[in-house]
Amino acid sequence: MSSPRPALWMLIAGAALISTTGVLVRYADVPPTVSGFWRMAFGGLMLMGFLVLSRQWRPARWRDWWWMLFPAAFFAADLFLWHRSILSVGPGLATLLANFQVFLMALAGVWLHGERLGPRYLGGLVLAFAGLWLLVGMDWGAFSPEYRVGVALGLLTGVAYAAYMLSFRHAQRERSALPPAQLLAMSSLLCAGALGLVALGEGVSFAIPDMGSLSALLALGLVGQCLGWVLIARAMPQLKTSVVGLVLLLQPSLAFVQDVVLFQRSTLPLEWLGVVVSLAGIFLGTLKAASTTREVVVEAGVSTKPSGPAADTSPQQRPGE
């Protein structure tokens, strides 16, 4: 693409697509671990099939599979936590909470690269948690125990996702010469295996109850693991960091709106203000986390994503959730 305008529309489309993943988890109508299992199984098989048919799949050594176990385990933890948060507090708030991971990525930049946390980061952190207080803090005591646990799980999701991005980057950069798309497919299948073992331990059924549930799970695999991020990754190198960070706020914003419209979430004006304030804080945190997430996202994507450390990518909100 020679013009940033097509890239901008592609980015908007990708953000809109991945904003639906929380809603799809609700519509899947299966236990949260099972929805995570099928999402990763379908997504991993779709991506693997594409790579095999396009002759991009390369022979993998046992060492490659071994190193993919670490990001797979972290992403399994991410989905285990996030899908439960969705069922407890709704897809809108769960998605917003998970996006607090941008502050952890900025801290990772301090730890890994010796970066400094300036006023922008601190201001974003204050805004994000001020917005969160407006959303859930003022009436914390009035919420049910399940709802309060769901808020905590949403925040822990961000921790697990940050660990996933960092471990994927390390495995891809230091331990394997396979293309990022294949590593993502391998990680997805291993993640499905991990969630499958957890589901067996929980004693829940893997059965898909009806065609509506099957459609939602297939869409989760296609949108959450493949299509949405293909569009986003194609667009990212051609747009400014601030533009990408702002457009990607569509993901938690649209997720919250979908929650209100589709599931009749009751939201007061003060809570809407909390959403806006939190998103503003996340945006500032996103800009601060740019140098860290730039490398991570470039190396953890599918083959249509930027594929080298020199690519000019932008910071991310939580992908595919």
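**Reading helix packing and ring pairs**

Me: At what angle do helix H3 and helix H9 pack?

Reply: Helix H3 (residues 32-53) and helix H9 (residues 180-202) pack at about 155 degrees, their axes 8 Å apart. Helices here are DSSP runs (H or I, at least four residues), numbered from the N terminus. Axes are lines fitted to C-alpha atoms over the stretch in contact, with angles from 0 to 180 degrees between N-to-C directions. This is a predicted model: local features need pLDDT of at least 70, side-chain atom pairs 80 or more, while totals for chains, interfaces and linings use all residues. Residues are numbered from 1 along each chain, and side-chain values use heavy atoms, leaving out hydrogens and water.

Me: So which way do H3 and H9 run relative to each other?

Reply: Angles under 35 degrees count as roughly parallel, over 145 as roughly antiparallel, 65 to 115 as roughly perpendicular, and the rest as oblique. H3 and H9 are therefore roughly antiparallel.

Me: How many aromatic pairs are there?

Reply: Rings of Phe, Tyr and Trp (its six-membered ring) pair if their centres lie within 6.5 Å; planes under 30 degrees apart are stacked, over 60 edge-to-face, the rest tilted. That rule gives 15 aromatic pairs. One of them, Tyr27 with Phe263, is tilted, at 5.5 Å centre to centre and 50 degrees between planes. Tyr27 sits in helix H2 (residues 21-28) and Phe263 in helix H12 (residues 250-263), so the pair ties together parts 236 residues apart in sequence.

Me: What about Trp66 and Phe70?

Reply: Their centres are 5.8 Å apart and their planes at 85 degrees, so Trp66 and Phe70 are edge-to-face. Trp66 and Phe70 are four residues apart in helix H4 (residues 62-89), about one helical turn.

Terms used. Helix = DSSP H or I, 4+ residues; strand = E, 2+ residues; numbered from the N terminus.
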